[in-house]
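Dear colleague,

Please find below the sequence and structure I promised to pass on. My findings follow directly after them.

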Amino acid sequence: MLRSFLPISAGLLLFATLTSAVQNVKVQGANFVNNVTSDRFQIIGVAYQPGGSDAFSATSDTDPLSNGTSCLRDAALMQQLGINTIRVYNVDPTLNHDVCASIFNAVGIYMFIDVNSPLPLQSLDPGNLVTSYSSTYLNHIFSVVEAFGPYPNTLAFISANEVMDTVATGQTSPPYIRAVTRDLKNYISKHLNRSIPVGYSAADVSQILTDSWTYLSCDINGQSGDPSRSDFFGLNSYSWCGPTSLTANYDASGYNTIISTFANTSIPIFFSEYGCNNVEPRVFDEVPVIYGNMTSVMSGGLVYEYYEEDNNYGLVWLYDNGTAELRSDYNALQKQYNTLDVKALESMDTSATSIQSPKCSSSLISSSGFNTSFTLPAVPSGGQTLIDNGIPNPNQGKLVSVTTTTVADTVYDANGNVIKNLAIKPLADDESNTPNGSDTSGQSSSTTAATPSATKKSAAGRKEVGARGLVGLLAVYFFMSSLF
């Protein structure tokens, strides 16, 4: 049964279909490109998963993009932060996402949508690939495509996240990741009216990172348009850890190695997560580097993460009574974004758009334990019927008009003062959001407000985040080990 959850504040009114506020983004060689202007698109974004995976359950009637009131508040703060993209990990394709998608669309913010969820039979299980890759699983991920494909600001679908997170999973998982990518792209080509990129988000595991990218980005049999080939490669990396750490520069963080590793990439590379918190408060001094000389290879990145959880990566606190408060990390990131030259970032590197992907071959794989077979699993029983005919009774999203822009919720700055006149600012039909010099800390009232709530919302976060601090420490360890 289709569940609809559309909480709307008194100031948020919805009417007929809304004209697009963003242009579609496509993959052209190693770049993301605006489909109309042909400008290069650099991802300036954040991970957006209110409550983490613990807030997403089979009995819940909500997900991060189903509450219009919350999305209006967050879109206003994100617009002033200067981002143009969010990544959303867990979505329920049976819910109505029209309000949230339309709000983010109106302010020029694109969406990366992960098609998997932590619920049973809704993701690839590295320990049980044969069983988890089923028609039931395909029905779920195709439902996500149907729900989010119609929104023009759906930039891409992420087919899997950190499925290859050990040397052992680098042996077993690669063919299944390519199979899921193939199935998604074949479904999109048959049932959507535009092509939407599909790609992978990788764990920063040095022993298999190069092979993961190589395996997923080559063309089987040298065939142009191979649907199993990833359209992009995201990297979850926490190796740059702040101004007082050993890894707070281009070489020590390993960013130089990232550039040399991916120098000849034929698909876009970006940080699908970044923002080490081993040193706090975070100052995000890696931002000028990511959007500086790294743009010769990288297409930007997504800071982990928007809402504060127990793992302590958030930019914003969310309180039990529905109010929110900025953390100092928000102000620090906004300050870094305001130094970026967006026009320069949009300038095309024409050589990067013409790089051809290599033909898949076992000779491309460098590590002895990584999979070298490019024979992919067949579509599971019943899956091809779904691809050919479409899933039954799909819940297809559509844009709706957002006519009131003022945020009803109370939001506090990092000093506990009320932020005045918080609102979204709808953009023209051909614009995406950019850093604009906003200083949100300067918009607060002069008097300190009452304490918003006795307790803040708490969540354990999605299943990978508990290792974030460990990832940073391991990055330092491997780098120091390489020196001896």
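Does Leu-422 count as buried or exposed? The model is a predicted one, and in it Leu-422 has a relative accessibility of 4%. Because the threshold for a buried residue is under 20%, Leu-422 counts as buried.

The surroundings of this residue may be described as follows. Leu-422 lies in the loop that runs between strand E15 (417–419) and strand E16 (444–448). Leaving aside residues up to four places away in sequence, Leu-422 touches Ala-76, Leu-77 and Gln-80, together with Thr-406, Val-407 and Val-411. Gln-80 is 342 residues from Leu-422 along the chain, yet the C-alpha atoms of the two are separated by 9.5 Å.

As to the chain as a whole, it has 484 residues, of which 58% count as buried. Its secondary structure comprises 13 helices and 16 strands. Among contacts with a separation of 6 or more, 82% join residues 24 or more positions apart.

Finally, a word on confidence. The mean pLDDT of the chain is 87, and 86% of the residues reach 70 or more. Two segments call for separate mention. Over residues 444–455 pLDDT stays under 50, and the model has 26 contacts beyond four places in sequence for them. Over residues 458–484 pLDDT likewise stays under 50, with 47 such contacts in the model.

With kind regards

Conventions:
Residues numbered from 1 in each chain as written. Predicted model: local features only at pLDDT ≥ 70, side-chain atom pairs only at ≥ 80, totals over all residues. Heavy atoms only, no water. Helix = DSSP H or I, 4+ residues; strand = E, 2+ residues; numbered from the N terminus. Buried < 20%, exposed > 50% of the residue type's maximum accessible area, 1.4 Å probe, protein only. Contact = heavy atoms within 4.5 Å. pLDDT = per-residue confidence, 0-100.
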